[in-house]
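Subject: Structure for your review

Dear colleague,

Please find below the structure for your review. My findings follow directly after it.

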Amino acid sequence: MNKLKTLTYACLVICGIAISNFALAQNNHGHKALASDIAPKNIIILFADGTTSSQYEFGRYSSALLRQQSFAVTDVVMAKGHYQLMKTESANYFVTDSAAAASAMSTGYKVNNGAISITPDGNTPPTIMRVAKDKGKRIGLLSTAPIYDASPAAFSVHAKSRRDNELIVNQYLELAPDVLMGGGSNYFLPNTVAGGKRQDGKNVIEAFQAKGYQYINTPEQLNQIKSPKLLGLFAEEDLDYEIDRNPQETPTLSQMLTGALQVLNQDSKKSNNKGFVLFVENENTDSAGHQNDVAALMRDLWAFDDAVKVALEFQKRNPDTLVIVTGDHETGGFSPTYGRKNSGPAGSANYLNVKIEQLKLIERYTMSLNEFSQKFNAKAKQTTSSSDLNAYLNVLLQDNFPGLVLDDDLRERILSRGQLNPNSNYLPSNILALAIARQTGFYWGSSGHTPTPITVAAIGPGAQFFKGFDDNTAFAVKLRRLMGQ
């Protein structure tokens, strides 16, 4: 009996030690170093702006049926890694914007909407990229948005307003990320140069080159990387949606990620190499949500997933890499659903649900709703003839949205440039999106953001930190813990 008690006691002690060690690992405020099998050398944060589980599930379903390809976000990272949900409210609003959400995820503190990693009382807590650099890690920022946009900015620098573009770019020059790629050449160039918008007369591209950066601005140049520091700017503002993208002018997110990994990992075999932290954002998924553009969303979800696959292939060769897939907030209240084909009586003869036929219809679309709106609005400014405008609308629809039926009530609103409802702010995009919804079942609840909890999925060393239901401020605390702070 005494032996049994001794054995039981020993087991309890061992279990207690194990639990204590696990608790230590989970203690976000502890200062002891993590075990080597928990702490990653490299961290890749893949950030699909404006997305959460409903968008990812749409990506999985459409990829399986239309591309006959697996969707790595759901089928690998979520299914084989760890998974959590994350609250998103900002310091001053229930519904956050990208600046406040990314700032909370970067600094561990809530900020007001529109602020870039500056708290309501004016403090500037260190950003994730600042912490990583101070730890001796190399750092990189990629985005399909202007690279000074809210999310990459909040992960790296500070500004009272997300619109302080010159200030953000100036701080990038000071922070000196090893890789900086995306759109936004306009605020790197003075307004005396074509496409430039800086008021201070500085050419920041030349300033980066003076610091030893290789500058590139075409997809082809991504195959000619020779420098350990890289600046790539591929558009004056945002990079095009995947549905509109010219491959000769604009790289994919996968191409940018491949180039960035080449730069950041080139000294990985050196004994003093401490790895890197890389932020990789597809902003177009958020923009598609604002426009209520299901066809553009589908293709950019596929493009994002292709980048996730690049990260996972890198992880296979470098197993000390943690891959995180997440975002900042949900956009558009994306709501694929079933209902009636029209306003006639309900019943099996008037029933509509999403299946392969609806997916094939939107797959045939060749233009984003944003591009449609720009072309239509430009034509509307040039003509006062309603018949000419209607004829032009028909051409746009026939050439770019084959098979789409535009009901008379929605046609009238587009032609009159009328409103749809108070939470539809992108016109006529949101009106045409409703026509698409009536025919396919891909409805939207808003043209803005929603407070739907965000998914965080992780695979690799340290992934076990990301589970349960947490606040977005905890994301920063966990990353710092994984970097040994």
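Please note that the model is a predicted one.

Confidence in the model. The mean pLDDT of the protein chain is 92, and 92% of its residues reach 70 or more. Residues 1–31 have a pLDDT below 50, and beyond near neighbours in sequence this stretch has 15 contacts in the model. Where pLDDT is low, the predicted coordinates should not be read in detail.

The sheet. Ten strands form an open sheet with mixed pairing, in the order S5-S6-S4-S3-S7-S1-S8-S15-S2-S16. Its edge strands, S5 and S16 (468–471), each pair on one side only. On average, neighbouring strands are turned by 15° against each other, direction ignored.

Strand S6 (residues 230–233) is covered on both faces: Leu230 and Gly232 are buried on one side, and Leu231 and Leu233 are buried on the other. S6 runs parallel to strand S5 (residues 214–216), to which three bridges join it. Strand S4 (residues 179–183) also runs parallel to S6, with four bridges between them; here Gly182 has Leu233 as its bridge partner.

Elsewhere in the sheet, six bridges link strand S1 (residues 42–48) and strand S8 (residues 321–326) in the parallel sense. Within S8, Val325 is the residue opposite Leu46. Helix H9 packs on the sheet and touches S1, S3 (138–146), S4, S6 and S7, and its direction makes about 170° with that of S7. Helix H3 (residues 72–80) lies across S2 (82–87), S8 and S15 (454–459), running at about 75° to S15.

A helix pair. The axes of helix H2 (residues 53–67) and helix H12 (residues 356–363) come within 10 Å and cross at roughly 90°. H2 and H12 are therefore roughly perpendicular to each other. On the H2 side the contact is made by Phe58, Tyr61, Ser62, Leu65 and Leu66, and on the H12 side by Ile356, Leu359, Lys360, Ile362 and Glu363. The residues of this contact comprise seven nonpolar, one polar and two charged.

A loop residue. Lys274 is located in the loop between helix H9 (253–264) and strand S7 (276–282). With a relative accessible area of 49%, Lys274 is partly exposed. Not counting residues up to four places away in sequence, Lys274 touches Lys41, Lys135, Gly136 and Lys137. Lys274 and Gly136 are 138 residues apart in sequence but 6.1 Å apart in space, C-alpha to C-alpha.

With kind regards

Methods:
Residues numbered from 1 in each chain as written. Predicted model: local features only at pLDDT ≥ 70, side-chain atom pairs only at ≥ 80, totals over all residues. Heavy atoms only, no water. Buried < 20%, exposed > 50% of the residue type's maximum accessible area, 1.4 Å probe, protein only. Helix = DSSP H or I, 4+ residues; strand = E, 2+ residues; numbered from the N terminus. Pairing = 2+ DSSP bridges. Axes fitted to C-alpha atoms, helices over the stretch in contact; angles between N-to-C directions. Parallel < 35°, antiparallel > 145°, perpendicular 65-115°, else oblique. Contact = heavy atoms within 4.5 Å. Nonpolar A, V, L, I, M, F, W, Y, C, P; charged D, E, K, R; others polar. pLDDT = per-residue confidence, 0-100.
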